[in-house]
Amino acid sequence: MNQGVRPSSAGGAIDLRGVTKLYGGLRVVDDISLSIRPGEFFSLLGPSGSGKTTTLMMVAGFADVDRGAVDVDGVDVADLPPQKRGFGMVFQNYAIFPHLNVFENVAFPLRARHRPEPEIREKVNRALDLVQLGSFASRFARQLSGGQQQRVAIARAIVFEPRLVLMDEPLGALDKNLRYDMQVEIKEIQRRLGMTVVYVTHDQEEAMNMSDRIAILNRGRVEQVGAPAEVYERPQNAFVARFLGEANLLAGTVSAQAADCAVLRVGEHSFRARLAAPIETGQPASLFVRPERVLLEAEAGTDEAWNHVGGEVRRASFLGNIVRYLVQVGPSLAMRIDAQNAGPAPFAVGARVFLKWAVADSLLLVE
Ligand code: ADP
């Protein structure tokens, strides 16, 4: 652990209690309640306009809370202006000062706090080492790449050892490979320093890669909160299922049920699925299964623990690491299957194939 830069006090727990924001009568954040634990990497994930930034701005203090409250370590922060909240912040557009060199950019929060010169030198150098910019201290913004500028912004956000760092799409302007490297780097810094991070992104892979838990937002409301694997594998509704990746959602009607399993009638087919929530027989619902959980075979299967259906390959798209198939399994029913590219594509367009997927991988969801 780096001894020079670490949160000055334990803590960084955030409680949003029924937080609501109205713009022109519209509830852009609508009664959000969340508890974020100290040291947690917590992402707000959702489509554009779902209220992520507004929620973060209310935590930061740049937007007023119209209803509800934000508590940090058990204290309502409503009356504290942003600079008094003591949070680190990183935004998409770097926002590093062009007229200051890297050292002075990072030193800025310490100078604003009137820290003594030796402390500033020590802390800035340690923060720069942490973001791997130790040898860039005298450079100016124009002499840095986008990724390096973003590292300066991160160093500046952590140099004063905040218990809480808020990040709003900090990697939005970077290209894909650099984004991934920076995700790993930010996560590593957060882990080493033990600070709480609230991270806004619309990129589901980024959220899954970095977060301890994710809140999926839609139209100002929280659809689901959970660990990445949990929300991906066990979405609570069709919105979450679609938003987190490719999803097969076969629409039908519940025709029978047992303890935690139901039968869904989909056209001429019957499939079995686990229940995400209690459901009535006769109710419309969709069977959810991820494309990578469906297997394609040349022969019909019979295993009781699996759903089975035959079909015809309509499309086989070569995507490098996977082959994505679209298979017609009924007059108006097609399924997506992602097969690992472990050799040449074995099924051609027009081929007769058999699909199977485990009942355990199938969930019944309501729209
Ligand atoms: P996200 O970060 O998920 O893209 P935002 O929180 O930025 O969403 O915005 C949520 C909604 O609130 C959007 O419809 C946006 O247009 C609206 N909004 C955000 N800020 C303002 C503002 N200052 N005035 C009016 N409407 C706003």
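In the predicted model described here, α3 crosses α4 in a right-handed manner; a crossing is left-handed if the near helix is turned anticlockwise from the far one by less than a right angle, and right-handed if clockwise. Helices (H or I, at least four residues) and strands (E, at least two) are DSSP runs, numbered from the N terminus. The axes of α3 and α4 come within 9 Å and cross at roughly 125 degrees, where axes are lines fitted to C-alpha atoms, for helices over the stretch in contact, and angles run from 0 to 180 degrees between N-to-C directions. The two helices α3 and α4 are therefore oblique to each other. For such labels, angles under 35 degrees count as roughly parallel, over 145 as roughly antiparallel, 65 to 115 as roughly perpendicular and the rest as oblique. On the α3 side, the residues that meet α4 are Val 102, Phe 103, Val 106, Ala 107, Leu 110 and Arg 111. Their partners in α4 are Glu 117, Ile 120, Arg 121, Lys 123, Val 124, Asn 125, Ala 127 and Leu 128, a contact being heavy atoms within 4.5 Å. Sorted by class, this contact of α3 with α4 holds nine nonpolar, one polar and four charged residues. Here Ala, Val, Leu, Ile, Met, Phe, Trp, Tyr, Cys and Pro count as nonpolar, Asp, Glu, Lys and Arg as charged, and the others, Gly among them, as polar.

A word on how to read these values: residues are numbered from 1 along each chain as its sequence is written, and side-chain values use heavy atoms, with hydrogens and water left out. As this is a predicted model, local features need pLDDT of at least 70 and side-chain atom pairs count only at pLDDT 80 or more, whereas totals for chains, interfaces and linings use all residues.

The loop between α3 and α4 holds His 114. His 114 has a phi near 55 degrees, a positive value in a residue other than glycine. With a relative accessible area of 70%, His 114 is exposed (buried means under 20% relative accessible area, exposed over 50%, partly exposed in between, with a 1.4 Å probe and protein chains only). Asp 31, in strand β2 (residues 26–36), also has a positive phi, near 60 degrees. Its relative accessibility of 43% makes Asp 31 partly exposed.

Helix α3 also packs against α5, at an angle of about 30 degrees and with their axes 7 Å apart. These two helices, α3 and α5, are therefore roughly parallel to each other, and α3 passes α5 in a right-handed crossing. Val 102, Asn 105, Val 106 and Pro 109 of α3 make this contact with Val 152, Ala 155 and Arg 156 of α5. Five of the residues in the contact of α3 with α5 are nonpolar, one is polar and one is charged.

Next comes the pairing of α5 with α6, whose axes come within 12 Å and cross at roughly 15 degrees. The helices α5 and α6 are therefore roughly parallel to each other, and their crossing is right-handed. Gly 147, Gln 150, Arg 151, Ile 154 and Ile 158 in α5 meet Leu 178, Met 182, Glu 185, Ile 186, Ile 189 and Leu 193 in α6. By class, the contact of α5 with α6 has seven nonpolar, two polar and two charged residues.

A nonpolar core is a set of buried Ala, Val, Leu, Ile, Met, Phe, Trp, Tyr and Cys residues joined through side-chain atoms within 4.5 Å. The largest nonpolar core has 39 residues, and those with the most contacts inside it are Val 106, Val 124, Leu 128 and Ile 189. At least two residues of this core come from each of α3 (102–112), α4 (117–130), α5 (146–158), β7 (164–168), α6 (176–193) and β8 (196–201). Helix α5 supplies the largest share of this core, six residues. Leaving aside residues up to four places away in sequence, Val 124 touches Phe 103, Val 106, Ala 107, Leu 110 and Val 159. A second, separate core of 27 residues includes Ala 262, Ile 279, Val 289 and Val 323.

Elsewhere, Ile 214 lies in strand β9 (residues 213–218) and, at 0% relative accessibility, counts as buried. Among the residues that Ile 214 touches are Phe 42, Leu 45, Met 208, Val 225 and Val 231. Pro 228 is 14 residues from Ile 214 along the chain, and their C-alpha atoms are separated by 6.5 Å.

Overall, the protein has nine helices and 20 strands, and buried residues make up 50% of its 367 residues.
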